[in-house]
Amino acid sequence: ERRLRRIWYGKSRAYIALLPLSWLYCVLVAVRRRLYQSGLCASTRLNACVLVVGNLSVGGTGKTPLVIALSERLRQAGFSVGILTRGYLGRASQRPQRVTPRSDPGLVGDEAVLLARRTGCAVFAGHHRVAAGRALLKTAPCDVLICDDGLQHYALRRDVEIATVDA
């Protein structure tokens, strides 16, 4: 991971070699975002306010602690909150998957279990955010869905985006 960070922040010769690929990637991402904004690609609105917490850096920007803090504040304000996460490194074959404080981190990912333990919110893990959101709302209706990561998942229409950066 240290090597990747060095490349990401331009502290390696590999940065120069990868720069043209990054420009191509930026163009592709911009085109994809425009396709969703224009309606040419479908974006689904769920029956809850959707708040997405993501990052613009490689790892370690505090997304998960921010999701925990936001869920606590929203619950204190009287909102019912659900959390969607990818379930990174989880190897469950069935997705989306409901995550409880006793879920196996090997199946649903350690961050997903951490979120379930620390927040007391309904948590669902899955790569497809719309399916995970629908599954969560079916079992635990809520006012606000917080997505831990997912700025790039445009198929789920969001109301608020928060981008974290590595200071």
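Reply: Two strands count as paired if DSSP finds at least two bridges between them. Strands (E, at least two residues) and helices (H or I, at least four) are DSSP runs, numbered from the N terminus. This is a predicted model, in which local features need pLDDT of at least 70 and side-chain atom pairs count only at pLDDT 80 or more, while totals for chains, interfaces and linings use all residues. Residues are numbered from 1 along each chain as its sequence is written, and side-chain values use heavy atoms, with hydrogens and water left out.

One example links Gly 82 with Ala 122 of β4. Strand β3 (residues 97–99) also pairs with β4, but in the antiparallel sense and over three bridges. There, Arg 98 has Phe 124 as its bridge partner in β4.

Which way do the side chains go? In a regular strand they alternate between the two faces of the sheet.

Now the setting of the strand. The chain has six helices and six strands, and along the sequence they follow the pattern α-α-β-α-β-β-α-α-β-α-β-β. Of its 167 residues, 38% count as buried. Contact means heavy atoms within 4.5 Å; among contacts between residues at least 6 apart in sequence, 72% join residues at least 24 apart. The C-alpha atoms fill a box of roughly 50 × 35 × 35 Å, taken along the principal axes.

Leu 24 lies in helix α2 (residues 13–38), and Leu 24 counts as partly exposed because its relative accessibility is 48%. Asp 149 belongs to the loop between β5 (144–148) and β6 (160–164). At 25% relative accessibility, Asp 149 is therefore also partly exposed. Although Asp 149 is not a glycine, its phi is positive, at about 80°.

Notes. Buried means under 20% relative accessible area, exposed over 50%, partly exposed in between (1.4 Å probe, protein chains only).
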